[in-house]
Amino acid sequence: MLIERTRSMSPGKSSGKMRPDCFLNLTENCPLTRPGSGKDVWHLEFEAVSSSFSLFQSIHYDVGDVLEVLPSQDPVAVDAFMKRCNLNPEAYITVQPSKKENSMGDTNHAPDIPVKLKTFVELTMDIASASPRRYFFEIMSNFASAQHEKERLQYFASPEGRDDLYQYNQKERRTVLEVLEDFHSVQMPLEWLVQLIPPLKTRAFSISSSNSAHPNQVHLTVSVVSWTTPYKRTRKGLCSTWLAGLDLQQRVLIPAWFHKGSLPSPSPSVPLILIGPGTGCAPFRGFVEERALQSKSGPRAPVLFFFGCRNEENDFLYRDFWLSHLQSGGVLSEDKGGGFYVAFSRDQPQKVYVQHKMREQSTKIWNLLAGGAAVYIAGSANKMPSDVLAALEEIISLEGGVTKEVAARWIHALEKSGRYHVEAWS
């Protein structure tokens, strides 16, 4: 109730549900990549927690669905923000919509029930992850008492200073807290801070488990986001770093929401061609679990899965899981009409990607497509989806004896009929 009330007060509130579908507790976490591999990927398992204030009986989701979680912020950063802005963490506040918002028919606002200021900051204001917008610098200039800081802020907010602001702010991904600490003379009232600081957003992850195989559980495959700025500052993703760092011994309740993803749950009778390099394999772990469970009650359509990573030894995610289903009688086994093919891009002089493995299995892919298979693609939004699409066009053209133009129309028809799905992220 506190989360619902506090987040509904946020000026950056979304149109989605404020009240979490459930609260999750971490029960298992293990690294999927080796240290020094250049990637830091974790397998995390959660169970839904019932309590006196949650009425759900058990969680439900379909394979291909998405889980959104609300991350916790670093308490050190929250305390530093409160101190920097001269805010009393024990004070209570209410936030109401402006007259303009009311006049536009916004009646879905929080009741006038006070919440603790520190709690409001923790749950709604992204102070140590998101970068502020240009308008933030413009407003800051009005509250700067030091002339040199006022002039610099005014320059940043001007058309002439746009490039320098980009270099200082966006390129470095400076946070609200860092910007405020760079301009010591600025003292902004809480009323302005509430409206200007980017809202703390939920983060979405593809679910990597089958609810049928794991009742009341949900599994995630989380890649810890980390990068270096032009000035050699190390930056880490707020939510992925927090999730990977959770302690199994500490009972942390995580607010969570379930949503339909862009990969609909397939019928057991539909053959599947799955392409998921890297963490794109996450939803397909759930697909394979579900189909393995379904196969116990009778024959099921075959599954082809194309996976890709850099090295067999360093980042072969869920290796034992895939290989177990590749064994005789398994969902991915050849005797069941399936297959599992891995592209290790860096294990040989010539780089090999999933599209290369697909071309090697062109006959198998064509036979499944001709038999009514659905294609699912998940992973990086860079070049992978377009490269996979080009490979499919080549396979259809070669095996079907048609031109590339006809093959392209064939794939478009697949998409229109609900047999071609892509989930890509940057």
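Met 140 touches Leu 153, Val 179, Leu 180, Phe 183, Val 186 and Met 188, leaving aside residues up to four places away in sequence; contact here means heavy atoms within 4.5 Å. The model is predicted, so local features need pLDDT of at least 70 and side-chain atom pairs pLDDT 80 or more, while totals for chains, interfaces and linings use all residues. Numbering runs from 1 along each chain as its sequence is written, and side-chain values use heavy atoms, without hydrogens or water.

Met 140 belongs to the largest nonpolar core, which has 36 residues. Such a core is a set of buried Ala, Val, Leu, Ile, Met, Phe, Trp, Tyr and Cys residues joined through side-chain atoms within 4.5 Å. Buried means under 20% relative accessible area (1.4 Å probe, protein chains only). Phe 81, Phe 136, Met 140 and Met 188 touch the most other members. A second, separate core has 28 residues, including Leu 32, Leu 274, Ala 292 and Phe 344.

Next, a helix pair. The axes of H15 (residues 384–400) and H16 (residues 404–416) come within 8 Å and cross at roughly 115°. Axes are lines fitted to C-alpha atoms over the stretch in contact, with angles from 0 to 180 degrees between N-to-C directions. Helices are DSSP runs (H or I, at least four residues), numbered from the N terminus. Among the contact residues are Leu 389 and Leu 392 of H15 and Trp 410 and Ile 411 of H16.

Now the cysteines. The disulfide count is zero, a disulfide being a pair of cysteine sulfur atoms within 2.5 Å. Cys 281 is buried at 0% relative accessibility. Its closest cysteine sulfur, in Cys 309, is 9.2 Å away, too far for a bond. Cys 85 is also buried, at 8%.

How values were computed:
Buried means under 20% relative accessible area, exposed over 50%, partly exposed in between (1.4 Å probe, protein chains only). Helices (H or I, at least four residues) and strands (E, at least two) are DSSP runs, numbered from the N terminus.
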